[in-house]
Amino acid sequence: MTVRRALVSVSDKTGVLDLAKALVDKGWTIISTGGTAAALRDAGIVVTQVDEVTGQPEILGGRVKTLHPKIHGGILARLDNETDVQEMGTSGIEPIDLVVVNLYPFEEWANRRGPSHEEVVEQIDIGGPAMIRAAAKNHARVGVVTSPRQYEQVVAELTETDELSVDTRQRLAAEAFQHTARYDAAIGEWMTGAQEGFPETMIAVFDHHAELSYGENPHQRAAYYVEHGARTHLLSRVAQLHGKQLSFNNLLDLEAARMLCGEFELPACVIVKHNNPCGAAVGASVLDAYERALACDPVSAFGGVIVVNRVVDPELGERLAGTFVEVLHAPSYSEAALTALQRKPNVRILQSDERRRTNPGERDYRRVTGGLLIQDRDTDADERDAMNTATATSPSEAQWGDLLFAWRVAKHVKSNAIIFAKGLATVGIGAGQMSRIDSVRLATDKAAAAGLSIEGAAMASDAFFPFADGPETAIAAGITSIIQPGGSIRDDEVIAACDRLGAAMVFTGRRHFRH
């Protein structure tokens, strides 16, 4: 049998000894470099040094060791090409059949505190990506392995059939190109640094995290990917304690609910349905917050996603077990609460003690045909000191509390968004309407349907009122204070209507339109 050769040069040495031993047992020759060669020799594995193959010692402090025709020719050679074979013979090049390479730990160094620019630059691998790309290009003959998680399958297949199948080589090649693309993207991002504005080319890298049960509809496949390098993500440190596999829509609603619940420090509950809150409240306890959030729209809450920011105690657990919940997310659960909830076979019970927060500089991506729309995340908190009272009547402290609560909720409701709030709980929500007055009417109707009084309640609008009819309709229904961005050419008419009807109105100077 022709002796086959594997080039093994890895920064992450996890599992490499077992891989190399398996190859040697199959009669392979191992070519290696530096630290990898030393580790293999220490384990009693016979290794051929790269400079024994090239006849050229490492130069430039190790920057150049594998960039040589006898290495790259051995990887790229086509053995079914007569010219390639003749040139190999003339140049003394022997084929390399397997390349096992992972790269300098650039990202680890780039994320450290304190390394100099020069130290990070030295962690930019040159020879490694070149060998990986060469092997991936020539996958018709050469196998390329870039991660320890691939070792087991490679060894199993070589043990069973003495070669890697065409399908395996092609899959490994695809993963190799993805690996080097991700590596280059990380370097490009680091080089860009804190550059203001948007880069000329946008390269985002996402790692597969989980398969999902289905997409927006059952006939659509779906998966969840995590942006590479993100410190936290939607499911980081989240454990699923019970229930069915999560779906695409579950995650959209979970994101909406966690983002809104993260606005509050007091015990809070948010209930989301179809990516819009149908109830939100803070309370003296998390049970109190849940009851008040549910009261806003109990019909829509059926089958919703619920997020709370406190431990689910036995009482709340029993209460939740008595209704249909798609997904429940909490920092933790008492044993009795978990037992009660697990009586429901399908409810997805999630636990995470990590407060939901965005990553610094994180951007929001929206897919459009053939491209992406990219914007900064709308995560800034609006301070009361930056707002101003536009009407003759100023809000009382109690009204200020409801106004600021409603304003925070409005940020997370699809536009046109209208929020009625009373006692730090939503009592009416109008969302997704084509005109703002329709959202006001919808919020009024929702409150009436739930049997909730909006007398003395506050109203938030995510964008300005283009006409006075919105405030006039709300005030007639019982609203006594309003918060909105302002900025309409008819602001004077809107202010005059509020003054005439005795309502207080605050301008924030900034809108939170969520399209």
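Analyst: Contact means heavy atoms within 4.5 Å, and that meaning applies throughout this discussion of a predicted model. Leaving aside its neighbours within four places in sequence, Asp 84 is in contact with Leu 76, Ala 77 and Arg 78.

User: Where is Asp 84 found, and is it buried or exposed, and how do you know?

Analyst: Asp 84 is found in helix 5, which covers residues 82-91. Its relative accessible area is 12%, and since buried means under 20%, Asp 84 is called buried.

User: What makes Ser 9 count as buried, or as exposed, and which residues does Ser 9 touch?

Analyst: Ser 9 lies in strand 1, residues 5-10, and has a relative accessible area of 15%. Because the limit for a buried residue is under 20%, Ser 9 is classed as buried. Not counting residues up to four places away in sequence, Ser 9 touches Thr 33, Thr 36, Val 100, Val 101 and Asn 102. Arg 367, by contrast, is 358 residues apart from Ser 9 in sequence and 39 Å apart in space, C-alpha to C-alpha.

User: How is Ala 223 classed by relative accessibility, and why?

Analyst: Ala 223, found in strand 7, has a relative accessibility of 30%. Buried would need a value under 20% and exposed one over 50%, so Ala 223, which lies in between, counts as partly exposed. With neighbours within four places in sequence left aside, its contacts are His 208, Ala 210, Glu 211 and Leu 212. Ala 223 and Phe 248 are 25 residues apart in sequence, while their C-alpha atoms are 7.5 Å apart in space.

User: What makes the peptide bond between Ser 415 and Asn 416 stand out?

Analyst: Most peptide bonds are trans. The bond joining Ser 415 and Asn 416 is cis, with omega about -5°, and Asn 416 has its place in the loop between helix 16 (397-410) and strand 17 (418-421).

User: How are helix 12 and helix 14 oriented to each other, parallel or antiparallel, and how do you know?

Analyst: Helix 12 (residues 286-296) and helix 14 (residues 314-321) pack at an angle of about 25°, with their axes 9 Å apart. Angles under 35 degrees count as roughly parallel, and therefore these two helices are roughly parallel to each other. The contact is made by Val 286, Leu 287, Tyr 290, Glu 291 and Leu 294 of helix 12 together with Glu 315, Leu 316, Arg 319 and Leu 320 of helix 14. These residues divide into 6 nonpolar, no polar and 3 charged. Helix 12 passes helix 14 in a left-handed crossing.

User: What is helix 8 called relative to helix 10, parallel or antiparallel, and why?

Analyst: Helix 8 (residues 127-137) and helix 10 pack at an angle of about 150°, and their axes are 9 Å apart. Since angles over 145 degrees count as roughly antiparallel, helix 8 and helix 10 are roughly antiparallel to each other. Helix 8 passes helix 10 in a left-handed crossing. On the side of helix 8, Pro 129, Ile 132, Arg 133, Ala 136 and Lys 137 meet Ala 173, Ala 176, Phe 177, His 179 and Thr 180 in helix 10. The residues of this contact divide into 6 nonpolar, 2 polar and 2 charged.

User: How does the radius of gyration of the protein stand against that of a compact globule?

Analyst: A compact globule of 515 residues would have a radius of gyration near 24 Å, but the protein has 31 Å. Along the principal axes, its C-alpha atoms fill a box of roughly 95 × 55 × 40 Å. The protein has 19 helices and 21 strands, and 47% of its 515 residues count as buried.

Notes
Residues numbered from 1 in each chain as written. Predicted model: local features only at pLDDT ≥ 70, side-chain atom pairs only at ≥ 80, totals over all residues. Heavy atoms only, no water. Axes fitted to C-alpha atoms, helices over the stretch in contact; angles between N-to-C directions. Helix = DSSP H or I, 4+ residues; strand = E, 2+ residues; numbered from the N terminus. Parallel < 35°, antiparallel > 145°, perpendicular 65-115°, else oblique. Left-handed = near helix turned anticlockwise from the far one by under 90°. Nonpolar A, V, L, I, M, F, W, Y, C, P; charged D, E, K, R; others polar. Buried < 20%, exposed > 50% of the residue type's maximum accessible area, 1.4 Å probe, protein only. Rg over C-alpha atoms; globule rule 2.2 N^0.38 Å.
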